[in-house]
Amino acid sequence: MDDLREAIRRAADGDPRAFRTVVSQTSARLVRLAARLVGSIEDGEDVVQEAYVKAHRAIVDGKFDGKSRVETWLYRIVTNTAIDVLRSGKRRERPTDVLPDTGWDGAAAAEARIALAELAKRLEALPEDQRVAIVLKNVEGLSSGEVAEVLGTTEGAVEQRLVRARAALRNGGQNG
Amino acid sequence: MADDLDDELRGFAERTEGVHASPGFEARVLTKIQSETPAWDAGVLRFGRAMLFVAALSAVVGVFAGVRSADDETDASATAYGMEELDW
């Protein structure tokens with residue numbers, strides 16, 4: 001992680017190659033997170049690309065204060081960008097019979113796509129804040145403290161969202 | 001205290017564990033970022049060039065106006081002389 005901090009420092013100093021290190025070390029986790037939040041790999045890639053552009057701009061403008069871990073900061077940007085996409089309903093239209101080449105095993109890719117779609121369907125009735133909290137905690141496996149840091153809120157607020165989300169999911173997706 | 005919901009969510013986590021970006025994703029991201037950065041630089045350059053052009057134009061107009069003003073004074077003097085000559 002020191003590599004990431006150093007890469008961000010160099011990017012802030014104007015080294016154009018430094019951000020490549022940030023992208024190569026974080027893109028796998030961030031695309032998986034975004035795909036889990038928005039329900040597809042393509043929309044997840046769009047979210048992460050937009051998030052990297054925002055992050056790069058913030059680094060160049062000296063707005064990354066270094067208080068959080070770099071990964072937590074990037075998680076926050078991706079999560080906020082995903083929330084914007086979920087709220088706006090901006091998703092890619094794509095025919096179901098033409099799947100883009102993902103470059104990995106066909107069966108595994110197909111299974112992952114089905115799982116992402118099922119996850120999105122299962123969580124679709126939840127408000128975005130609850131949906132994000134449950135994905136970060138129960139699918140990404142973060143602690144409540146880490147979820148609070150990513151969402152910029154308190155652990156208590158996260159717990160409250162999780163209780164509501166879990167109740168709604170047990171109740172067929174309806175918040176009661 | 002795990003229950004069916006925990007198991008279901010853990011199942012989603014496992015089934016989506018292998019999700020990763022499509023080939024060329026990193027290159028696309030870096031190209032996008034590069035395309036935005038030079039665009040900004042080019043914008044600054046364009047603005048700077050425009051300001052230089054305006055400054056240069058103002059300077060030329062200023063010099064030209066100064067020359068015209070001096071010419072006008074000369075003409076006026078000449079006319080005055082001319083009239084005085086006619087009076088003679």
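This is a predicted model: local features need pLDDT of at least 70, side-chain atom pairs count only at pLDDT 80 or more; totals for chains, interfaces and linings use all residues.
**Chain A, overall**

Going along the sequence, the pattern reads α-α-α-α-α-α-α-α. Then I checked burial: 40% of the 176 residues in chain A are buried. I also looked at how far apart in sequence the contacting residues of chain A sit. Taking contacts between residues at least 6 apart, 62% join residues at least 24 apart.

**The core**

Which residues touch the most other members of the largest nonpolar core? I found A:A34 and A:V78, in a core of 58 residues. Helix α2 of chain A, residues 18-38, gives the most to this core, with 10 residues. As a general reminder, nonpolar side chains tend to be buried together in soluble globular proteins.

I listed the contacts of A:A34 next, skipping its neighbours within four places in sequence. What remains is A:G44, A:V47, A:V48, A:V78 and A:A82. So A:V78 turns up again here, as a direct contact of A:A34, with a C-beta to C-beta cut-off of 7 Å.

**Helix α2(A)**

Where is the kink in α2(A) centred? I put it on A:T26, with an angle of about 55 degrees. I also checked what comes after the helix: α2(A) is followed by A:G39, and the phi of A:G39 is positive, near 95 degrees.

**Chain B and its side of the interface**

Back to chain B. Buried residues come to 10% of its 88 residues. I counted the contacts between the chains: 21 residues of chain B are in contact with 31 residues of chain A. On the chain B side, the elements giving two or more residues are α1 (4-15) and α2 (25-87) of chain B. Which element gives the most to that side? I got α2(B), with 8 residues.

Last, I sorted the residues of chain B that touch chain A by type. They divide into 11 nonpolar, 4 polar and 6 charged.

Methods: Residues are numbered from 1 along each chain as its sequence is written. Chains are lettered from A and ligands numbered from 1 in the order in which they are written. A nonpolar core is a set of buried Ala, Val, Leu, Ile, Met, Phe, Trp, Tyr and Cys residues joined through C-beta atoms within 7 Å. A residue is buried if 20 or more other C-beta atoms lie within 10 Å of its own, exposed if 12 or fewer, and partly exposed in between; C-beta atoms are placed from the backbone. Helices (H or I, at least four residues) and strands (E, at least two) are DSSP runs, numbered from the N terminus. Two residues are in contact if their C-beta atoms, placed from the backbone, lie within 7 Å. The bend at a residue is the angle between axes fitted to the seven residues ending there and the seven starting there. Ala, Val, Leu, Ile, Met, Phe, Trp, Tyr, Cys and Pro count as nonpolar, Asp, Glu, Lys and Arg as charged, and the others, Gly among them, as polar.
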